[in-house]
Amino acid sequence: MAGPSERHVLFDRSAKNVRPGETLLAALARDGWPALQRSIRYHRPRGPFCGVGHCTGCLVRVNGRPNVRACRFEPAEGDVVTTENSWPSPRFDLLGVLDFVFPGGIDTLHGFRRPAWATRAYHRVVRRLAGYGAAPDPGVPAPPSSPPLRRTVDVAIVGAGVAGRALAAQLANAGRPVVAIDRALRPAPVPWADLLGRTTVTFLPPPAPGGDARFTLLGFEEPARGVEIRARAVVVATGGYDAALGFGGNDRPGVLTADGAFALLAPDGRAPFERAVVVGGGERVTDVLERCGDAVSAIVSPGDVEPGVVRRASELEIPLYPRSLLLSASGRSRVRSVALRTRGHGPRFSLGCDAVILAHRRLPTPQLFFQAGARMEWRGGTGAYYPWLAESGETSVPGLFALGESAGYLPDATGDTTARVAAALLGRPLPEGAPPPRVASTGLPDLDGYYRELAAEPRSGRWVACPCEDVLLEEVEAAHRAGYRGIEVIKRYTGLGTGLCQGRYCLPDALLLLARLEARSPPEVGYITQRPPVVPTPLGAFAALADVGSEEEPR
Amino acid sequence: MTSLARSSYRVVVVGAGVLGLYTAVHLARAGAGPVLVVDRGFLSSGASGRNGGGVRQQWETRATVRLARESVAAYRRFGLDFGYNIWFRQSGYVFLAETERELTRLRAVHDLVVSEGLPSEVLGPERVAALVPGIAPGASVGGTYLGSDGTLYPFPAVWGLYEAARSLGVEVALGVEAVGVDAPAGRVAAVMTSAGRVEAPVVVNAAGGWSAEFSRRAGLTVPNVATRHEIFATEPVKPFLDPMVVRVSDGLYFSQTMRGEIVGGVTVPNGHGVDGGMPTSPRFLTGMARALVLLVPRLASLGVLRAWSGFYDDTPDGFPVIGEDPRRPGFVHANGFGGHGFMLAPAASRRVAQAALGERVDLDPATFAPARFFSSDRPTSVERLQLG
């Protein structure tokens with residue numbers, strides 16, 4: 001029975017009730033595992049993966065608008081939701097046969113050239129297979145495109161997580177007008193500061209020279225309202241995300257990140273899985289045990305396991321498998337088991353499961369630093385790029401500061417780092433002492449050794465190097481064998497990193513893999529140019545901002 | 001540090017874009033002797049990897065129509081010739097007019113194209129609406145359409161040419177910059193590169209947006225100007241749009257690729273020169289979004305996935321520069337394509353190879369030869385349809 005405040009939506013022709021504050025994905029997960037998508041080339045079953053609006057696992061069509069992320073969508077009364085890219089349904093998709101017919105993948109680079117008279121037919125068929133949803137229905141107006149939201153502020157803080165909130169409070173206490181911007185659909189309020197929730201900054205161009213309000217931040221408020229903020233200074237505290245992991249069957253439904261798992265939980269913690277294998281051995285595993293420990297059946301760590309995790313696991317009586325290689329996941333429409341091997345040529349074993357939760361590695365979100373032209377540096381500790389920072393936390397772009405996880409600070413450094421940025425912004429002396437420690441700048445991430453060991457194991461199941469574009473690991477290796485070098489060329493050759501997540505989930509591991517193949521360091525392999533926008537931004541939102549940047553652009 | 005295989009070559013080609021690689025293939029097939037292609041970037045880092053993939057034969061001058069028609073024929077064969085599928089989809093180009101005056105201009109294009117034996121059509125507003133589903137009512141008074149124009153996927157063309165060149169014995173040195181030309185007696189004798197000096201009697205400047213810079217390094221002033229143009233791609237959706245669409249008034253162009261993305265751009269007044277790099281501007285991102293949404297309102301809810309930019313190498317008369325520079329024998333220009341190098345490369349590169357081998361160039365010198373910019377006879381012909 002629907003409560004009085006519940007919304008009624010039509011989901012693939014059946015009625016569905018969505019509770020206030022609930023995303024469409026969470027509402028669907030109350031009825032069991034949500035099978036929403038098929039992969040773009042081989043129509044492999046796909047499920048929710050990232051939970052934060054980047055991957056392709058939960059795209060649906062809403063009121064004639066394609067590619068709406070169910071994990072970031074709170075439906076309104078009467079919304080009509082349909083699944084995309086499958087026929088007749090994501091669960092039973094006839095095109096799934098492609099996955100069996102082309103076990104080595106479809107070679108669109110060399111194939112479909114002969115006979116020449118068939119060219120038009122090939123084009124028609126292959127083109128029809130491309131794309132996720134159908135184009136927006138004609139005549140369906142864009143989502144309410146209210147006039148854009150425009151603000152001019154002293155300091156804009158992008159990301160209202162722990163670090164961003166702490167800084168906002170300090171600046172507000174000192175009487176400085178601050179706006180904090182956060183993607184969360186329901187961010188916790190920030191005392192005394194102006195908070196723009198459901199808002200994503202997707203473009204931060206290099207600042208205009210001189211003058212006040214040198215920075216212009218462009219983005220959108222969900223679902224499609226344009227947002228333009230001008231600020232004298234910008235603090236980027238966009239945090240990080242849970243990384244993907246490569247193994248055979250790594251794209252199977254049920255394999256998901258910690259955030260992806262959290263996006264499926266009901267408010268009482270109930271999950272659409274009961275026997276999850278959690279991958280990881282650090283703090284993030286503790287988060288998972290905290291939020292859905294009842295549904296976890298094993299913890300598998302690529303490396304060692306932190307004492308806190310050992311303690312918590314033994315309290316919950318969850319078995320631990322430290323130093324294990326995750327060889328493959330099996331199960332077609334839902335993961336059924338994982339094959340493992342203890343590192344150092346230990347025994348092989350398998351574990352039954354209905355979910356694999358990746359909580360082994362956190363990566364920063366550096367896109368805005370790249371866009372703004374900040375000097376970036378590779379840090380081997382995580383295998384990711386971070387901005388160069390002065391002692392104050394200022395980047396090489398004057399007025400652009402970095403805080404928290406996206407800056408590479410270790411989690412317990414929040415107090416000191418916010419105090420530094422606040423002091424710099426308020427024109428006060430910096431706190432005494434050395435700046436707090438950041439992620440190790442040299443070496444390689446632990447995962448590199450893990451992958452080296454995994455490379456010696458026989459493969460089983462498809463290892464999808466780039467799930468958004470369905471690029472197989474074998475295709476990346478073939479590009480290398482054909483003589484193509486460097487991630488920028490491999491990206492253009494294979495399509496890896498060109499999908500909706502823009503390389504978030506495939507690029508970090510691809511760099512480690514290519515570094516090994518090319519026998520050079522990951523920074524030498526290069527990096528994919530971080531192109532705006534940070535996340536796909538509705539054309540209507542940008543269109544509403546078309547009078548910005550009318551002055552000469554900086555050169 | 002890259003080291004080169006030889007210390008002397010018959011021809012050094014500067015620029016491993018589609019034009020430079022095509023030229024190298026022609027040279028190798030003609031048995032020219034050792035050929036070196038240098039590029040300071042990675043493969044496809046320049047305009048050959050940054051364009052929208054449009055290939056059209058609708059132009060305002062007969063000379064360009066003919067080069068384009070020959071190139072279309074070559075791209076149709078590309079898969080069989082070079083082993084890579086470039087997905088050349090001949091689903092037409094629609095040119096849109098917003099005013100009667102623009103339509104008159106397009107009718108002249110149509111007449112010229114038809115006189116060259118290509119079945120172009122003049123479109124009324126209804127036919128435009130049928131070809132561009134969802135176009136805003138009243139957005140166009142009509143236009144022209146040529147069904148054998150089309151779009152291709154640029155990257156595989158680069159891969160195919162790269163591999164063909166190498167298998168023919170051409171040396172392709174990536175990450176190697178050409179820094180100057182040694183011409184002791186006024187004639188090209190050697191090319192200075194970041195990997196050392198190499199002797200060569202002929203150097204081909206196919207450096208795209210950087211061609212003026214390289215000409216200057218060789219001591220030659222040229223009228224070429226690099227102009228940054230921007231482009232974006234949306235999230236992929238199922239096919240709904242077949243042709244490439246180009247609007248005459250502001251150069252708005254867009255098509256839907258084989259992958260389902262809407263890829264397009266619009267002219268915004270960006271500065272000249274290559275020094276500012278290849279950023280994306282807010283003015284483009286928002287202005288392009290507005291232009292597209294006003295023309296095809298149904299796209300408003302579609303997400304912009306990524307934006308990038310690249311350089312057009314513009315000339316004052318809109319024609320490329322093809323041929324040996326009379327001021328510096330041995331220095332062959334293959335540049336100034338004004339954003340249309342990819343679509344003209346197969347035909348143009350054949351002439352570039354002729355020039356590099358000292359053969360008669362199968363082109364009207366008054367229109368294409370470098371001398372037109374500094375001879376006393378001012379060029380009479382101008383190609384102004386530099387759109388899309």
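Into which domains is chain B divided? Chain B comprises domain 1 (1-87 + 149-224 + 315-388) and domain 2 (88-148 + 226-311), with bounds that come from an automatic or database domain assignment. The model is predicted: local features need pLDDT of at least 70, side-chain atom pairs count only at pLDDT 80 or more, and totals for chains, interfaces and linings use all residues. Residues are numbered from 1 along each chain as its sequence is written, while chains are lettered from A and ligands numbered from 1 in the order in which they are written.

The C-alpha centres of domain 1 of chain B and domain 2 of chain B are 27 Å apart. Between these domains, 36 residues of domain 1 of chain B are in contact with 34 residues of domain 2 of chain B, contact being defined as C-beta atoms, placed from the backbone, that lie within 7 Å. On the side of domain 1 of chain B that touches domain 2 of chain B, at least two residues each are supplied by strand 3 (54-55), helix 2 (62-82), strand 7 (150-151) and helix 6 (211-217) of chain B. Helices (H or I, at least four residues) and strands (E, at least two) are DSSP runs, numbered from the N terminus. Helix 2 of chain B gives the most to this side of domain 1, with 8 residues. By class, this side of domain 1 has 14 nonpolar, 13 polar and 9 charged residues; Ala, Val, Leu, Ile, Met, Phe, Trp, Tyr, Cys and Pro count as nonpolar, Asp, Glu, Lys and Arg as charged, and the others, Gly among them, as polar.

In chain B, 6 strands form an open sheet of mixed pairing in the order 8-2-1-12-19-18, where two strands pair if DSSP finds at least two bridges between them. Strand 8 (171-174) and strand 18 (321-324) of chain B are the edge strands, each pairing on one side only. On average, neighbouring strands of this sheet are turned by 15° against each other, direction ignored; axes are lines fitted to C-alpha atoms, for helices over the stretch in contact, and angles run from 0 to 180 degrees between N-to-C directions. Within the sheet, strand 1 (residues 11-14) and strand 2 (residues 35-39) of chain B are parallel and share 4 bridges. B:Val12 is placed opposite B:Leu36 in strand 2 of chain B. Helix 1 (residues 18-29) of chain B packs on the sheet and touches strand 1, strand 2, strand 12 (202-205) and strand 19 (331-335) of chain B. The direction of helix 1 makes about 175° with that of strand 2 of chain B.

Strand 6 (residues 142-146) of chain B is largely enclosed by the rest of the structure, because 5 of its 5 residues are buried. A residue is buried if 20 or more other C-beta atoms lie within 10 Å of its own, exposed if 12 or fewer, and partly exposed in between, with C-beta atoms placed from the backbone. B:Gly142, B:Thr144 and B:Leu146 point one way from strand 6 of chain B, and B:Gly143 and B:Tyr145 point the other way. Strand 6 of chain B pairs in the antiparallel sense with strand 4 (residues 93-97) of chain B over 5 bridges, and B:Leu96 has B:Gly143 as its bridge partner. Strand 5 (residues 121-123) of chain B is likewise antiparallel to strand 6 of chain B, over 3 bridges, with B:Val122 opposite B:Thr144.

Between the chains, 50 residues of chain B are in contact with 54 residues of chain A. Helix 2, helix 5 (154-167), helix 7 (282-295) and strand 17 (303-314) of chain B give two or more residues to the side that touches chain A. Helix 7 of chain B provides the largest share of that side, 9 residues. The side of chain B that touches chain A has 26 nonpolar, 16 polar and 8 charged residues. Strand 29 (residues 537-538) of chain A and strand 17 of chain B run antiparallel and are joined by 2 bridges; A:Pro538 has B:Gly303 as its bridge partner.

In chain A, a cis peptide bond joins A:Pro532 and A:Pro533, with omega about -10°. A:Pro533 lies in the loop between helix 14 (522-525) and strand 29 of chain A.

How values were computed
Contact = placed C-beta atoms within 7 Å.
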